Amino acid sequence: MLQALFRFDGSTEHLIIRTVRLPRAILAVVVGAALAVAGAITQGLSRNPLAAPDILGINMGASLALVLAIFLYGGGDHHVGFAFGGAAISALTVYWLGSLGRSGLTPLKLVIAGSAIGYLLSSLTSGILILSQRTLDEIRYWLAGSLAGQDLDTMLSVFPYIAVGLVASLALGRELTLMSLGEDVAQGLGMKTAWVKVGAAIAVVLLAGSAVALAGPIGFVGLVVPHVVRFLVGADYRWIVPYSMILGAILLSVADLASRLVIRPQELPAGIMTAIVGAPFFIHLARSKMKR
Amino acid sequence: MSIAKPWIAIRPRRLPLSFRVDRRVPGVLVVMASLTLVSLLFNVSQGEYPVPFLEVVKAVLGFPSTPDYDLVVNTLRLPRALVALLVGMGLATAGTILQGLTRNPLAAPEIIGINAGASLVAVALIVALPQVGTAWLPPAAFLGGLGTAVAIYLLAWNGGSSPMRLILVGIGLTALTSTLTSLMITFGELDTVSQALMWLAGSVYGRSWPQLGALLPWLVLFLPLSLVLARDLDTLNLGDSLAQGLGSRVEWTRGLLLLCSVALAGASVATAGNVGFVGLMAPHLGRQLVGPSHAGLIPVAALTGACIVEVAEIVGRLAFAPIELPCGLMTAVIGAPYFLWLLYRTRNQ
């Protein structure tokens, strides 16, 4: 296998590794890292253990925008910009709805707003798919959250965005730790909270948007990983962000491996694997963290 | 006092029952019933092959009409429109009961995950045992919904159940069950899968007399039962301890009401798939029309639900003709913004 990477000789095995398996493995690593970091930041910003890009409908926003783009302009190249736009709009809407009222941003309101928006967006998505058979054909497998069938070129065109998002998140680690103490405290310590929020929000949109553009709406990585990391390294976001990156990459790689091996020769979309692990975890969190 | 009494009491002589309903109820009921009837007739008369209103009435009532009209109306459109009507009533009543029980205006069978559980079992039945007839779908979906409801209740029980945990656990379970559903869809036989997919989108497409026959007994049984229990629902709404003080057997009536809600939701979902947000919208609209007392609210909400589904069905069939959008999609497009508006309006509560 290593030979295929370093001394490529054109044999079938080497070709398989170079053109099919390697891109897929890289994709799993990158998407997993992006989703996990996006989840960590969302949870830190909203101080809400149940927040994650998929629960809050951000992933659905990106998917709808992508489906819309393919519906309007045809497939082929990936319309990453649309994914960012969709992610940003749905994130803003859900955040605004969740923070309405005197009690401010409560976990319950945020999650309810997110699930309603998510329901609406996925209904609209399936509406487009019903209206246009062509779009359905191009996109069906992608919508279940799958890592299969991406080539290196499309991946390379999206990677810069993810890189920017990851670097920004790493740089914001200290500020995020302060923010997670509460906005008042952070302001009292002399931090410009508005800028941190904007920066972190942009990072989340970049990360979630490009992850969805590459692999479809893969759920629950962004929810589960930050909790495991917090259990391992404590509440300091300077450590949470890099560890989330690593663990997210590992989780999605393992999920991908499992999804290919469980029922060979068919394969499950990786999004289904992560949901089967992640949904019980969400229920456990709701049970244990929500004492009120 | 010159103010008119705001209530009307109805006490049948023979039966040990009494209803006390808001003064507005009879008027509103008549209006809603006629609206529903008009939308039903409109639904039957419009489409690829329009049938004049009068001919529709003639064909339905069995007067001699042209064979074409008779076929279109009685075989194709009427059963389908009636299914939409009953599904709307079932979902709306289920939602009304659930909101009353949880004392939470945002609870609805589709948010809490009862619909998702019912869909999972029904899809499993369609995909794995395609030879089983449609008559078995409602009981299966009912069991699925019931299982989910029990699971939610048990999981949310953490030294006492709280409405908030109930909803969060429900959202988690919805994610899990809908994932399992898509798993079924990924690996079933192709033709059964496409049948299941169509069904999942919340559509009354191709529903005919057999499906109507399978759905009807559930509504005939559980709608009146809910109506009889409406008074107990009002009492429960005051809070458990007060209800106990008023002599209500709290756990017993709550269980019975939950059973009604799950049965109605399950049977509706089994027939038409995921028609979302009806169980959420209809009770709210009903409350605005006749106030919160359940004896009046349940029938009004049921008719409102029927009306919503009929209208969604009309729009879905005609908006992008000849392509049909499933009415579940239309109700979501109307319902989700309404839900968010509700969230906005109740922001300070």
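## Cysteines

The sulfur of B:Cys327 lies 14 Å from the closest cysteine sulfur, that of B:Cys307, which is too far for a bond. This report concerns a predicted model. Over all chains, the structure holds zero disulfides. A disulfide is a covalent bond between the sulfur atoms of two cysteines, and the cut-off applied to such a pair of sulfur atoms is 2.5 Å.

With a relative accessibility of 1%, B:Cys327 counts as buried. B:Cys260 is likewise buried, its relative accessible area being 0%. Both values fall in the buried class because that class covers residues under 20% relative accessible area.

## Packing of helices H1 and H13 in chain B

Two packed helices are described by the angle between their axes and the distance between the axes. In chain B, helix H1 (residues 24-45) packs against helix H13 (residues 278-290) at an angle of about 130°, and their axes are 10 Å apart. H1(B) and H13(B) are therefore oblique to each other.

On the side of H1(B), the contact is made by B:Arg24, B:Val25, B:Val28 and B:Met32; H13(B) contributes B:Gln288, B:Leu289 and B:Val290.

## Aromatic pairs

A pair of aromatic rings is described by the distance of the centres and the angle of the planes. The structure holds five aromatic pairs over all chains. One of them joins B:Trp218 and B:Phe222, whose ring centres are 6.2 Å apart and whose planes meet at 20°, so the pair is stacked. These two residues belong to helix H9 (residues 209-228) of chain B; because B:Trp218 and B:Phe222 are four residues apart there, about one helical turn separates them. Both B:Trp218 and B:Phe222 are buried. Together with B:Phe142, B:Trp218 and B:Phe222 form one aromatic cluster.

The rings of B:Tyr338 and B:Trp341 have their centres 5.9 Å apart; their planes lie at 40°, so this pair is tilted. In helix H15 (residues 327-345) of chain B, B:Tyr338 and B:Trp341 are three residues apart and are thus separated by about one helical turn. B:Tyr338 is buried, with a relative accessible area of 15%, whereas B:Trp341 counts as partly exposed at 40% relative accessibility.

How values were computed:
Residues numbered from 1 in each chain as written. Chains lettered and ligands numbered in written order. Predicted model: local features only at pLDDT ≥ 70, side-chain atom pairs only at ≥ 80, totals over all residues. Heavy atoms only, no water. Buried < 20%, exposed > 50% of the residue type's maximum accessible area, 1.4 Å probe, protein only. Axes fitted to C-alpha atoms, helices over the stretch in contact; angles between N-to-C directions. Parallel < 35°, antiparallel > 145°, perpendicular 65-115°, else oblique. Contact = heavy atoms within 4.5 Å. Phe/Tyr/Trp six-rings, centres within 6.5 Å; stacked < 30°, edge-to-face > 60°.
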